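Reader: I'd like to learn how to read salt bridges in a model. Could you walk me through some cases?

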Amino acid sequence: MKLWRWIVGLILVAVIAAFAWHWVADDPGYVMIHLRGTTLQMTVVTAVVLLLVAWAAIAFLVALIRWPFGAMNSRHRRLSRQRLADGLVALIEGRHGEAERDLNRAARYPSVRGPALLAAAEAAERHGESSRAIETLDLAAQETPRAARVLRARLMRRTGRAAEGAALLAPEANSGALTPAGWVEFAEASLASGDARNAMRALEPLRKSGELGASAFNELESRVVTAAIVAQPDGASLSAFWSQLPKGQRRLPAAIDAYARQAMRYGQSMAAMDEIESALRREWSPELVATYGGMGAEDLEQRVRRAEAWVDTHPNDAVLLTAVGRMCVRMHLWGKARPYLERALAIAPSAVAWEALGDVYVGEQQPELAQRCYRNAFALARGEAAESLPELRMGRIDTRVTAVEERDQHGVPRLSP
């Protein structure tokens with residue numbers, strides 16, 4: 001395509017030159033220059049050619065004079081970019097002192113000054129030079145004020161001044177002018193300073209921007225909503241706050257767990273049970289099952305029956321087995337609690353299951369076995385190995401995994417992972 005364009009252009013130039021030559025040949029024109037007794041006479045074509053030659057000569061001389069300066073600027077630009085690249089690599093590799101030195105050198109060139117100063121401030125802070133990092137950010141603020149403000153707030157949070165970092169970003173947050181990184185830092189600083197309600201303001205802008213990514217946003221949203229729930233001072237405030245949350249946030253497992261725990265704390269056990277049971281009908285969550293099993297004595301018999309029905313569809317869930325066993329312990333059903341707890345320990349030992357089994361042996365007047373169970377609970381909590389009980393070593397516990405067919409909402413069987 002470009003070749004045809006060149007061919008057409010050359011043809012047009014040739015046609016124009018041919019017509020211009022005939023036009024000039026009929027009357028080449030006359031130019032006379034008289035200066036201080038000297039007279040020059042020439043045609044118009046000759047005068048035009050002389051002017052073009054003079055312009056070319058002057059341009060050549062100017063380029064020749066500027067060439068050393070251009071070569072120096074080009075070399076300086078190349079070195080600055082190379083130092084910026086080397087500094088960023090050193091920063092990622094953890095060579096913070098070297099990174100700061102290279103980045104400060106790269107900042108001498110205007111085109112990369114802002115990014116280089118920001119990275120140099122980060123390197124100085126990681127190197128433990130907080131005062132030098134702040135000084136570098138003061139210089140970076142002249143080039144990239146918004147990015148420098150976000151980084152300054154992050155450094156404040158890392159040094160234990162989260163409230164100051166949140167206050168620094170608050171004006172832009174109030175006007176909605178924060179960048180995605182600014183909203184993230186505003187949320188993190190607000191959480192670190194105990195202001196979960198302020199952190200909630202960052203969720204909607206981050207959701208709309210989509211810059212954080214689904215996984216990272218879900219993690220941040222869960223932490224923010226959970227902190228906001230825990231911060232509610234009483235049952236009325238908790239109920240009002242929960243009812244005002246969007247439907248998606250009320251379905252977050254971490255938020256449901258936090259709400260259930262707070263509701264139980266404020267004497268709203270029925271509301272907590274309803275939320276957990278509704279959530280488990282939508283999606284199975286061992287964390288919520290553990291909370292369900294650790295609730296108080298309200299409606300205990302009905303909860304045990306419901307949990308035993310879940311065992312039919314989740315027989316290999318050690319958390320569920322432990323929860324059922326713990327509820328049976330509260331009802332003093334020692335013989336019923338033991339098989340659940342023993343199977344849970346056979347599938348996935350946990351400190352909670354060992355402690356509940358110890359309570360069973362206490363209820364059955366077997367203090368020696370109870371002490372061993374409690375020691376195992378402490379050992380697992382410390383990350384140490386547990387010691388099997390004599391009767392558990394006899395092999396009477398069925399540790400085989402029970403296969404259960406699971407179907408999706410359309411009735412199609414799910415493949416086991």
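This is a predicted model: local features need pLDDT of at least 70, side-chain atom pairs count only at pLDDT 80 or more; totals for chains, interfaces and linings use all residues.

Reader: Which residue forms a salt bridge with Glu100?

Author: Arg132 does, with the closest N and O atoms 2.6 Å apart. The two belong to distant parts of the chain: Glu100 sits in helix H3 (residues 96-106) and Arg132 in helix H5 (residues 130-140), 32 residues apart.

Reader: Is Arg132 buried or partly exposed?

Author: Partly exposed, because its relative accessibility is 32%, and the buried class is kept for values under 20%.

Reader: Where do Glu122 and Arg126 lie?

Author: Both are in helix H4 (residues 113-126), four residues apart, which is about one turn of the helix. Glu122 is buried, at a relative accessible area of 7%, while Arg126 is partly exposed at 41% relative accessibility.

Reader: What links Glu122 to a distant part of the chain?

Author: A salt bridge with Arg158, again with the closest N and O atoms 2.9 Å apart. Arg158 is in helix H6 (residues 145-158) and Glu122 in helix H4, 36 residues apart. Arg158 counts as partly exposed, with 41% relative accessibility.

Reader: Which residues do salt bridges that share partners join into one network here?

Author: Glu122, Glu125, Arg126 and Arg158.

Reader: And how many salt bridges does a search of the whole structure find?

Author: The search finds 24, including the Arg132 pairing with Glu100.

Terms used: Residues are numbered from 1 along each chain as its sequence is written. Side-chain values use heavy atoms; hydrogens and water are left out. A salt bridge is a side-chain nitrogen of Lys or Arg within 4 Å of a carboxyl oxygen of Asp or Glu. Buried means under 20% relative accessible area, exposed over 50%, partly exposed in between (1.4 Å probe, protein chains only).
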